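I opened the model to look up a few things about its helices, strands, cores and chain contact. These are my notes, entry by entry.

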Amino acid sequence: MNRTRYLFRSLWFYRKPYLAVMAGVMISTAVLTGALVVGDSVRYSLQRITGVRLGTIGYALQPGDRYFRQELAGEISGITGSRAAPAIQCGAIAINSDKNLRINQVQVTGIDQRFMGFWDLAQPAPREDEAVISRNVADRLGLVIGDELLLRLRKQGKAPPNAPFSAEREPSVSFRVKVTFIARDEQMGRFSLKSNQTAPFNIFISITQLAVGLEIAGYANLLVAGESSDRTVKSPGPDSALRMCWKPEDAGLHFRHPVRVGHPVRVGDPDRVGDPDGVGDPDGVEVVTDRLFFDGKTGNAVLAAVPGSKAILTYMVNSISSGGKSTPYSFVTAANAAFMKQILGPRDIIVNEWLAKDLGIGPGDPVTLRYFIMGPLRSLKEDSAGFVVKAVIPDRNRLADQGLMPDFPGMSDAGNCRDWETGAPVDLKKIRDKDEQYWKDFRGTPKAFIALETGQKIWNNRFGHYTAFRFETTGSVLQKIKKRLMEQLIPGDFGLTFRPVYMEGQRAAANSTDFGQLFLSLSFFIMFSAVLLTAMLFSLHARTRMAETGLLAALGFSRRQIMGMMSAEALIISAAGAIPGVIAGILYNKILILGLNTLWYDAVNTSLIVMHVEPLTMLIAMVSGILFSLLVMVAVLIRNLKNPVALMVKGAFPVVQPSSKRRSIMVSGFTGYVSVAISLIMLAGLLITGQTMNVTLFLSAGALLLAGGVALVYLFLQKTLLATTEDIPGFSGLVIRNAALNRGRTMTVITLLALGTFSVVITGANRKTFYGDETSRRSGTGGFLLWAENTLPVMYDLNSTAGIKAYGLQEEGFPGKVRFIQMTRMDGDDASCLNLNKVSRPMMLGIPPNLFDRLQAFSFTSLLPSVNRDHPWNYLDNRLAPDIIAGFADQTVITWALGRNIGDTLIYQDESGKKLKIILAGGLDNSIFQGNIVVSDNLLRLFYPSAGGSHVMLIDGEALPGDTLARRLEMLFRDQGMMVTSTSSRLAAFAAVENTYLSVFLLLGGLGVMIGTVGLGIVILQNIRQRKSEFAVYLALGFRKKFILQMIMAEHAMMLLSGLLLGLISALAGILPSLVSPGYAVPGLFISGIILVIFLNGLLWIWFPAKAAVKNDLLPGLRDE
Amino acid sequence: MLAELKNVTRYYQQEGVTTRNLIIDQVSLGIEENESLAVIGPSGSGKSTLLNILGSLDKPSSGKVVLDGAEVDLLDEKELAAIRNRFIGFVFQQHHLLPQLTLIENVLLPVLPVKDKAKQREATDRAHNLIERVGLKTLVHRRPAHLSVGECQRAAVVRALVNQPRLLLADEPTGSLDSEHAMQLAQLLGELNREQNLAVVVVTHSMEVASYMGKIYRITSEKLQLTEKR
């Protein structure tokens, strides 16, 4: 006889009860494994999606709305030896005219064969009028190979869309292409540079066709690179290679000869230095930019590279007037002394003969310039400045140079003034015949000249302060100048920086929403129940072996030895339960993954989650399962071993000494009454003071009520046991006394059920629904009616006369009824809960803080102490430092998507390549801005002056029946690909994620409570076993078995009901805000259903053991006694 | 003196209640080597309490218990376990044979805490001899479920003796047996007292069983009185 034999004899002999314990261990381990493996699977799937969406691309260069030469890819490839491909990427609307189907937001990418190499596709790249489309586009538009589709894209051009005087004409271009290939996800179909698991709608066409269509022939806005083996770019690396080979054109700079009068030039022409046609000035060289205006940094770089160069700023003025006469729409050049060859004072103006004659002015005469200052969304403010004529110059002198006028799209190539297409309103009636003649003779040759500093000051142009630089040089020197200039410039300043997109994607996936933790917390109750079940089953078993334990003690085994022997059994049982538990966990995980890909799709927004099991995770789950179970079993053993040996030997349980609990009565009484009182006072206070939105306090009050209720039930049972009576005990008296005698167990069951019900009802009732709440300005909708997003930008302020006219809003009768709040959006990652990846640069939205402040729109969860709590929005208008502004985001985004806190800083790169720091100054309470960082629109445009029209807008107005207004707006802005949703629907889409989590919790929580009711069944079994003699006495005294059955049923149904009622009442107190608010619809049916199921399941678990107990012959119990 | 109770009192008192439920009061008892004695008394008189205190399974409310010259109160849990393992043998009213073990395994259960291999071997030999002595030789590999109550109780006696204790404490050992088996067991205890150089204390309410012992004590009104000495 040795311990091993004793161990295995015991295990074998008690195999049946141990199988039950193992089942408990198995359930808890399975749930734990399932939850942890979900985490592994989601993480793995996201990392896999990163690989699928990027192919073997490791790096990407995407300079926003700037363009670089397509040859750059070949040059970088030549230096590094790694693959690189140019592409053009832009948003578009895709239409299948045959079936009248459209997608408003597709991603069109112009590619060549090199790009397809990143997916190792044998398929030839799309040629002209051909398209490769992703499977989801094919499905949505009902397209098959050979079908045609229409693409409408924003004609981007190289100039910023909102630049002063840029064309007003329709900024879109259409392509009709034929589908040649439908790409699956892993065949480039899911291509996206954004760390997001949702699949974009992808359409790939020929890069050449797209470039020509967009009028950017030879240029690209995306360059991807990476080795097929490991996605790296070989030495010297992509950014160094870029520095080695980039050219002025990649920064949008062009060198050419200035052109004399009568010889129009176009920006974008290849360098014309040394051009033998003799059109240009062979000794003069001019630097111009695609972006029409040089920003300060680039301008200074040119001045540093070519000291003493002539700096020029040419602007269109609305009028030049003097003494009642006026000349409309003329160009005026502001230039430095190097160009003017004289120093002009701040009020000096030099005019040409034509203008002097037209206005009848001469030196010393006053002149007034009237001009527009450009605001956002083509908003214009007319300003004026007064000058004094310093000199009059001939029309055809050195300064009279039509090349001084920048190449404003829509103007430069116009045949006459009436053909001008400018972003500024031109009153054609004001244009006289002689003005037309001047245009014919001299084109945009400036009629007047002022000092450079004066021009920069009065026109205050956020796009830049120069339109050209000129200098004298020869061909060989020019190359040196170009080299010097490129040394002065940094590619990053033009957005030309490679991002390690694959690594970023992997990092974003690795730090993604931890579904392991999430499911652990969601499965908490089921695990808690399973562990409790294990404890109960083991306790039941341990009690049957109480005499054995006592005997071992009596035979001289020390407590430690007994503990060791029994724990060894527990360890083996735990392991025996945990190992199949891990396997069951994997099966359970399969169900969860299936649920995530289908039923709970809203939680992950992809159906690409695949199961992935890490051996370490399985080991952790198994060891945790063993340890948890062992812990509870050891706890049971320790408790049992505390009993006196003499008592244990008899297999008896310690007799409850009622009056030994006097202090306990006081404690439970105090706890119960005080908790309930505080809870009721809190509830009353919250209702009286109208703080019905203070969910946290209500929940606390509910939880306190629950704790108090449990304490009071305990007190009641204690008092029942202490009460003495001379009366014959009634049925209910007997039932209550029975429950009170074993009140430890009774309270365990009641508490478990109450907690379970509380959790289930609270979560069920907190499912977010929006009925009636959305009109409140304080709500997450801000009280706005609609949210609109458009693929092609809306260039005008839709509340302005120009905007109303441009989009035909007048005809719809909108003005006065509908207000548009247009917002600027800077591209970034979606940081909403719809994206599982952890993002670092969320999309930025420029909003009007003043308006939001006036409306007192939205609510905040947290604010920096420096923010005025009464007017938080105004804080956004503060420029905290030259490179620091404030931003707000949804608190959930700050905490979960960004993993940050209030006061933390996000770093972006502004348009000029400088760092822009955004301090998170406040957390919004669940708003429609989820996924974005909101900043002041004015400040945003300061850092991103080229930001075009609006892509996002909020719409306020009279709600029309159904979605009439939304559909009317979608029709009006059909060409912009506008999609309009109600703000409450948008909020509901975000809430759907949370609601899905709640659904999972409810399901798993409900399952947990049901397992808890199995525990109730065990309690009954245990109870019946111990009370065999008691039942036998009843029989001996002449009671029928039916009476015993009723007594058992009543006693345990009372526990069940008490638990359910306690949980329900406390939960109802906790969700009082939802109950009293018209904004919430408490899913009463759902909650009632769950509670009913729990109740019926509980009754079932009472019925079976009770019925089985009375079926047996009870009288031997009496003999044992 | 092998074991001694000095002015031992045991009462139970409910918290917050002044009255005490006195079980035994100022009981003193000395047990010499090879002595055999019986404690008789009606149910609830405190016989078992007295035996539990003597066997260190319970603690007195006041008074001293000395076992093998050591005061029980001063022993730690490990020393107490060692005393119970080697100095005392217990026989209970129920045999408490473990259902998962065979007869021989049950008998050898007290040997488990013994670490000395030689002693373990000795104990095993002794177990077989004792089993033979009590007439259970053919049943050693049977489980308790396949033994009669009398056989189980005899096995329980062997289990109590396997470590050669010097004091055998039997709490109503014949309580679950019929009169024939009861007398056989009582006789066995008497013989073992003489053969094994063993002091035996038997708690019983049966005068017939008590008559096999050298002295008979009676508990009345919480006091222990010597009523008969042979």
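Before the first entry I note that helices here are DSSP runs of H or I with at least four residues, numbered from the N terminus. The model is a predicted one.

**Entry 1: helix α3 of chain A.** I looked at what comes after α3(A) and found Gly81(A), with a positive phi near 80°. I then asked which residues of α3(A), residues 71-80, are buried. They are Leu72(A), Ala73(A), Ile76(A), Ile79(A) and Thr80(A). Why do they lie on the same side of α3(A)? They cover an arc of only 130° around the axis, and this puts them on the same side. I keep the general rule beside this: an α-helix has 3.6 residues a turn, so residues three or four places apart point the same way. Next I checked what the buried residues of α3(A) pack against.

**Entry 2: nonpolar cores.** The largest nonpolar core has 281 residues, and I asked which of them touch the most other members. These are Ala38(B), Val158(B) and Val202(B). Helix α2 of chain A, residues 15-54, gives the most to this core, with 17 residues. I followed up Val158(B), leaving out residues up to four places away in sequence. Val158(B) touches Val107(B), Ala127(B), Leu130(B), Ile131(B) and Val134(B). I also noted a second, separate core of 139 residues, with Tyr67(A), Cys90(A), Phe115(A) and Cys417(A) among them.

**Entry 3: strand β22 of chain A.** I counted how many of the 9 residues of β22(A), residues 818-826, are buried. The count is 7, so β22(A) is largely enclosed by the rest of the structure. I then looked up its pairing. Gln822(A) has Met953(A) of β30(A) opposite. β22(A) also pairs with β23(A), residues 843-847, in the antiparallel sense over 3 bridges. There, Met826(A) has Met844(A) as its bridge partner.

**Entry 4: where chain B touches chain A.** I found 27 residues of chain A and 28 residues of chain B in the contact. On the side of chain B that touches chain A, α2 (77-86) and α3 (103-108) of chain B each supply at least two residues. Which element gives the most to that side of chain B? α2(B) does, with 7 residues. By residue class, I recorded 15 nonpolar, 6 polar and 7 charged on the side of chain B that touches chain A.

Key
Residues are numbered from 1 along each chain as its sequence is written. Chains are lettered from A and ligands numbered from 1 in the order in which they are written. This is a predicted model: local features need pLDDT of at least 70, side-chain atom pairs count only at pLDDT 80 or more; totals for chains, interfaces and linings use all residues. A residue is buried if 20 or more other C-beta atoms lie within 10 Å of its own, exposed if 12 or fewer, and partly exposed in between; C-beta atoms are placed from the backbone. The arc is that of the directions from the helix axis to the C-beta atoms. Two residues are in contact if their C-beta atoms, placed from the backbone, lie within 7 Å. A nonpolar core is a set of buried Ala, Val, Leu, Ile, Met, Phe, Trp, Tyr and Cys residues joined through C-beta atoms within 7 Å. Two strands pair if DSSP finds at least two bridges between them. Ala, Val, Leu, Ile, Met, Phe, Trp, Tyr, Cys and Pro count as nonpolar, Asp, Glu, Lys and Arg as charged, and the others, Gly among them, as polar.
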